[in-house]
Amino acid sequence: MLKATDELLKDHRMVRKTLEGLRLDNPRFSSVSKTLQRILRAHAWFEDTLFLPALRAEPFLARVFMEEISQEHKDLEALTKLVNETAITESAKLAFYVTQLKVVIETHFHKEEDALFPLSEKILKEEGLEKLALEMRRRQNDVRALPLV
């Protein structure tokens with residue numbers, strides 16, 4: 001069965017794999033950081049546009065928690081933008097941003113993997129998760145059209 005949480009976990013794996021290449025000594029650093037920004041933006045878009053709204057009506061999940069997840073998406077966008085806009089010659093500043101980005105990503109993913117996704121599977125059940133996964137796949141072109149800012 002296709003589940004929305006499985007689709008989102010695929011994003012997590014892709015982000016973690018991309019993070020392996022986000023090293024200042026990597027000659028493809030700039031390309032990797034832009035790729036990371038695109039993956040994170042798509043992941044956040046799917047969650048903010050489709051996944052979280054499907055859960056908002058549920059009293060079981062605290063609104064504060066869901067707002068925190070959405071805010072972290074904005075924080076990740078801001079951090080990836082800082083990484084992409086900082087010159088490679090400013091290595092100390094860039095290393096700080098990269099470290100901060102990696103910590104925020106892992107913290108955010110742990111919240112989703114350990115709390116949000118398991119709760120959503122109980123709330124949405126198989127049918128709801130499958131419906132969301134199909135909608136996510138249907139809307140992939142919408143995400144690909146998102147501009148990098």
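Colleague: What relative accessible area does E90 have?
Modeller: E90 falls in the partly exposed class. Buried means under 20% relative accessible area, exposed over 50%, and partly exposed in between, with a 1.4 Å probe and protein chains only. The relative accessible area of E90 is 36%.

Colleague: Where do these values come from?
Modeller: This is a predicted model, in which local features need pLDDT of at least 70 and side-chain atom pairs count only at pLDDT 80 or more, while totals for chains, interfaces and linings use all residues. Residues are numbered from 1 along each chain as its sequence is written, and side-chain values use heavy atoms, leaving out hydrogens and water. The values come from a predicted model.

Colleague: Which residue forms a salt bridge with E90?
Modeller: A salt bridge is a side-chain nitrogen of Lys or Arg within 4 Å of a carboxyl oxygen of Asp or Glu. Here the closest N and O atoms are 3.3 Å apart.

Colleague: Is R139 buried or exposed?
Modeller: R139 forms a salt bridge with E135, at 3.5 Å between the closest N and O atoms. E135 is partly exposed, with a relative accessible area of 23%. R139 has 19% relative accessibility, so R139 counts as buried.

Colleague: What is the N to O distance between D25 and R23?
Modeller: D25 is exposed, at 59% relative accessibility. R23 is partly exposed, at 39%. Their side chains meet in a salt bridge, with an N to O distance of 3.1 Å.

Colleague: How many salt bridges are there?
Modeller: Some link up: E7, K10 and R137 are joined in a network of salt bridges. The count of salt bridges is 13.
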